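Hi,

Here is the structure I said I would pass on.

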Amino acid sequence: MVKFEVTRKIRFGQTDAAGITYYPRLVEMINDIVEDFFADVVNFSYKEMIVETDYGVPTVNLNVNFKNPAELEDYVVWSLVVTKIGRASFSVLIDAKVEEKEILTADVKLVYIKGKGNIMKSHPLPDHVKECMQDYLVEG
């Protein structure tokens, strides 16, 4: 099993008056790592998926456990592993750390869909997407 990792610096615009990361920005960053995973591992960027082919991977369930604040100019290491691959959905576990300090963990379920707005329908995950995810799948 391999972890997908990305390091990001906390910017001024992502913090609140206390100098810690505003929690909605952390949720945006959770989405960012999934987007990066698709671009870098699955080789299916959101532009290609959503704009060019009319598919998408909306989040249908998100459980975030905020553990410690991330502060301005912290370098946060985001890690993603795949916990389940289904017919049309998949789940990932994301954690964020600053050195050894845990910032958050997020359990995210996403569904592969075709269409937009009121015409979105789940669609089977393409074989190439499932194959790319296999190396990141947690056993058990």
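Let me start at tyrosine 22, which sits in the loop between strand E1 (4–9) and helix H1 (23–42). Bear in mind throughout that this is a predicted model. Tyrosine 22 has 38% relative accessibility, so it counts as partly exposed. Together with Tyr23 and Phe66, Tyr22 makes up a nonpolar patch on the surface, and the three share about 320 Å² of accessible area. Phenylalanine 66 is also partly exposed, because its relative accessibility is 38%.

Elsewhere, Phe4, Phe37, Phe38, Tyr46, Phe90 and Tyr136 form one aromatic cluster.

Now for H1 itself. With 20 residues at 1.5 Å a residue, H1 should span 28 Å, and its end C-alpha atoms are 28 Å apart, so the two agree. Its buried residues are Leu26, Met29, Ile30, Ile33, Val34, Asp36, Phe37, Phe38, Val41 and Val42. You will spot Phe37 and Phe38 in that list; both also belong to the aromatic cluster. Just after H1 comes asparagine 43, with a positive phi of about 55°.

That brings me to the backbone. Most residues other than glycine have a negative phi. Two loop residues are worth a look here. Aspartate 54 has a positive phi, near 65°, and lies in the loop between helix H2 (46–52) and E2. It is partly exposed, because its relative accessibility is 27%. Glutamate 73 also has a positive phi, of about 70°; its place is in the loop between strand E3 (59–66) and strand E4 (75–85).

Last, a sheet. Three strands form an open sheet in the order E2-E7-E8, with antiparallel pairing. Strand E2 (55–56) and strand E8 (121–122) are the edge strands, each pairing on one side only. Strand E7 (residues 113–114) runs antiparallel to E8 and is joined to it by two bridges. If you want to find the spot on screen, look for isoleucine 113, which stands opposite serine 122 in E8.

Cheers

Technical notes: Residues are numbered from 1 along each chain as its sequence is written. This is a predicted model: local features need pLDDT of at least 70, side-chain atom pairs count only at pLDDT 80 or more; totals for chains, interfaces and linings use all residues. Side-chain values use heavy atoms; hydrogens and water are left out. Two strands pair if DSSP finds at least two bridges between them. Helices (H or I, at least four residues) and strands (E, at least two) are DSSP runs, numbered from the N terminus. Patches are made of residues with over 30% relative accessible area and no salt bridge: like charges are joined within 9 Å, nonpolar side chains (Val, Leu, Ile, Met, Phe, Trp, Tyr) within 5 Å. Accessible areas come from the Shrake-Rupley method with a 1.4 Å probe; for residues, only the protein chains shown count as cover. A salt bridge is a side-chain nitrogen of Lys or Arg within 4 Å of a carboxyl oxygen of Asp or Glu. Buried means under 20% relative accessible area, exposed over 50%, partly exposed in between (1.4 Å probe, protein chains only). The expected span of a helix is 1.5 Å times one less than its number of residues. Rings of Phe, Tyr and Trp (its six-membered ring) pair if their centres lie within 6.5 Å; planes under 30 degrees apart count as stacked, over 60 as edge-to-face and the rest as tilted.
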